Amino acid sequence: MESKELMKIAAQACEDKRAEDIIAMDMQNVSLIADYFIICHGTNERQVQAIARGIKEAAEEQGMIVKRMEGFEESRWILVDLDDVVCHIFHKDERNYYNLERLWGDAPSYSMQEITPGQDQV
């Protein structure tokens, strides 16, 4: 599966679990870590876990393997590694503190409206 398609599936899974402020960052010309980062947040620990579970389930439905999931128990910052796409699901308070959008500011970023499956803007 193409990384762009996987990114859209992961972003939609975040949207389905009512994640807030979902963005995708195109890391292809910025980092060797992944092609895309998905960054979003939930308002409490249970929602953060639900978002991570939703991403995992959506990826597995497409035959993808989740390489690893870190931070699930604490639910302050869960990282879901889908190889070419890395999803960062924050608790709202933690997102402001770590501010990955600023840290990786050289990467183009896209809002959910720009990455919603069916639109071909990204």
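Modeller: Strands of a sheet pair through backbone hydrogen bonds, either parallel or antiparallel. In this predicted model, six strands form an open sheet with mixed pairing, in the order 3-4-5-2-1-6. Strands are DSSP runs of E with at least two residues, and helices are runs of H or I with at least four, numbered from the N terminus; two strands pair if DSSP finds at least two bridges between them.

Colleague: Which strands stand at the edges?

Modeller: Strand 3 (68–70) and strand 6 (109–111) do; each has a single partner strand, so one side of each lacks a neighbour in the sheet. Within the sheet, strand 1 (residues 20–26) and strand 2 (residues 36–42) run antiparallel, joined by five bridges. Ile23 stands opposite Ile39 in strand 2.

Colleague: Which residues does Asp81 contact, leaving aside neighbours within four places in sequence?

Modeller: Contact means heavy atoms within 4.5 Å. On that basis, Asp81 touches Val66, Lys67, Arg68 and Val86. Asp81 itself belongs to strand 4 (residues 77–81).

Colleague: How far from Asp81 is the nearest side chain of opposite charge?

Modeller: Lys and Arg count as positive, Asp and Glu as negative, with His and the chain ends not counted. That nearest side chain is Arg68, 4.1 Å away. A salt bridge requires a side-chain nitrogen of Lys or Arg within 4 Å of a carboxyl oxygen of Asp or Glu, and Asp81 has none, yet is buried (under 20% relative accessible area, 1.4 Å probe, protein chains only).

Colleague: On what basis are such values given?

Modeller: Residues are numbered from 1 along each chain as its sequence is written, and side-chain values use heavy atoms, without hydrogens and water. As the model is predicted, local features need pLDDT of at least 70 and side-chain atom pairs count only at pLDDT 80 or more, while totals for chains, interfaces and linings use all residues.

Notes
Buried means under 20% relative accessible area, exposed over 50%, partly exposed in between (1.4 Å probe, protein chains only).
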